[in-house]
Amino acid sequence: MDPEAATNRTAVTEFILLGLLETEKLQSVVFVLFLFAYLLTVGGNLSILAAILVEPKLHTPMYFFLGNLSVLDVGCITVTIPSMLSRLLSHKRAVPYGACLTQLFFFHQLAGVDCFLLTAMAYDRFLAICRPLTYSTLMSHSVQWILVAVSWACALTNALIHTIALTTLNFCGPNEVNHFYCDLPQLFQLSCSSTQINELLLFGLGFLMTGLPVVLIITSYIHVAAAVLQIRSVEGRKKAFFTCGSHLTVVCLFYGTGIFNYMRLGTEEASDKDKGVGIFNTVINPMLNPLIYSLRNPDVQGALWRVLVGRRLLT
């Protein structure tokens, strides 16, 4: 960087989000697709949440965590997509510096809770299958709320550290973000100052937020698989594998895209791959979760039907 330019730099007050496509002809198509995806995701997750609330059969720890996951999915997509849709309508791509940091903070807060909540769900499956006699004690209502509270606290700490660390960077231009929402890797590329500490924080905290939960989830399911294989009933094994399979599918989708996006050192040029991963993180994953957990699950399907029809059916 030119030393003279560094001394004459002007602080950036806003960022320009380039969005998904530069072709204006396709902007209307993108708007319709993402509006439909947003409505479908919010409707699907709120339906799952309503089904869990109204169906006594679903008042169990597993569905308690699933209800929290649905709330987080609604939050994640609401933090990013409505603002993108408003920019498409107004044709204004500028985002104030403070609004960009606020979006980044809430996105990492909600996504961080997701990390630990998926781990709590794996722990719940481990206790239910491997410790059935002490399950009700080890996974009591107080334990469930403690796990959720710890998840929020850890995610809050992570989001605060990244947001505060980002405010120490200098932005003097250019201010064009090659993405459709504000995120750390893309903002690092625009900094006029060194981002080495920020990148190390992203990698180190990313390992704690993803690596440690993944290890705990894998360990839980190794014990679960060993216990399930000892079940003599074929139907019992199928039921156990199915309930675990839904969770594992969500885990693979969530952590796979998260690791690709954040667990990398060095400033890399933003590309369409980052946008694709962003779509997975903010749209596809939250949209698929209700389908994954309700597919072939008669209890959830029955509760959803009662919610949609508006009356309780005889079982």
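This note reviews selected features of a predicted model, point by point.

1. The sheet. Three strands make up an open sheet, arranged in the order S2-S1-S3, with mixed pairing. Strands S2 and S3 are the edge strands, as each of them pairs on one side only. The word "mixed" can be followed through the individual pairings. S1 and S2 are antiparallel and are joined over 3 bridges, whereas S1 and S3 run parallel and are joined by 2 bridges.

2. Bridge partners in the sheet. On the side of S2, Phe15 has Val95 as its bridge partner. On the side of S3, Leu17 has Val177 as its bridge partner. When viewing such strands, the student may recall a general rule: side chains in a regular strand alternate between the two faces of the sheet.

3. Where does Asp183 lie? Asp183 belongs to the loop between strand S3 (176-177) and helix H7 (184-188). Asp183 counts as buried because its relative accessibility is 0%, and the limit for a buried residue is under 20%. The side chain of Asp183 makes a polar contact of 2.9 Å with the side chain of His108.

4. His91, a residue with positive phi. His91 is placed in the loop between helix H3 (61-90) and strand S2 (94-96). Its phi is near 60 degrees, which is a positive value in a residue other than glycine. Is His91 buried or exposed? His91 counts as exposed, because its relative accessibility of 65% is over the 50% limit.

5. The salt bridge. How many salt bridges does the structure hold? The structure holds 1 salt bridge. Arg125 forms a salt bridge with Asp124, and the closest N and O atoms are 2.9 Å apart. Both partners may be checked for burial. Arg125 is buried, since its relative accessible area is 11%, and Asp124 is buried, since its relative accessible area is 0%.

6. Aromatic residues. A search of the whole structure gives 11 aromatic pairs. One aromatic cluster is formed by Phe34, Phe107, Phe180 and Tyr181. In general, a pair of aromatic rings is described by the distance of the centres and the angle of the planes.

7. A nonpolar surface patch. Which residues form a nonpolar patch on the surface? The patch consists of Leu21, Leu26, Val29 and Leu33, which together have about 330 Å² of accessible area. One of these residues, Leu21, lies in the loop between strand S1 (14-17) and helix H2 (27-54). Leu21 is partly exposed because its relative accessible area is 35%, a value between the limits of 20% and 50%.

8. Cys154 in helix H6. Cys154 is part of helix H6, which covers residues 141-167. With a relative accessible area of 31%, Cys154 is partly exposed. Cys154 and Val113 are 41 residues apart along the chain, yet their C-alpha atoms are separated by 7.6 Å.

9. Leu104 in helix H4. Leu104 is located in helix H4, which covers residues 97-130. Leu104 is buried, since its relative accessible area is 0%. How far apart are Leu104 and Phe116 in space, C-alpha to C-alpha? The distance is 19 Å, for two residues that are 12 apart in sequence.

Key
Residues are numbered from 1 along each chain as its sequence is written. This is a predicted model: local features need pLDDT of at least 70, side-chain atom pairs count only at pLDDT 80 or more; totals for chains, interfaces and linings use all residues. Side-chain values use heavy atoms; hydrogens and water are left out. Helices (H or I, at least four residues) and strands (E, at least two) are DSSP runs, numbered from the N terminus. Buried means under 20% relative accessible area, exposed over 50%, partly exposed in between (1.4 Å probe, protein chains only). A polar contact is a pair of N or O atoms within 3.5 Å; within protein, one must be able to donate a hydrogen and the other to accept it, and residues adjacent in sequence count only if both atoms are side-chain atoms. Rings of Phe, Tyr and Trp (its six-membered ring) pair if their centres lie within 6.5 Å; planes under 30 degrees apart count as stacked, over 60 as edge-to-face and the rest as tilted. Patches are made of residues with over 30% relative accessible area and no salt bridge: like charges are joined within 9 Å, nonpolar side chains (Val, Leu, Ile, Met, Phe, Trp, Tyr) within 5 Å. Accessible areas come from the Shrake-Rupley method with a 1.4 Å probe; for residues, only the protein chains shown count as cover. A salt bridge is a side-chain nitrogen of Lys or Arg within 4 Å of a carboxyl oxygen of Asp or Glu. Two strands pair if DSSP finds at least two bridges between them.
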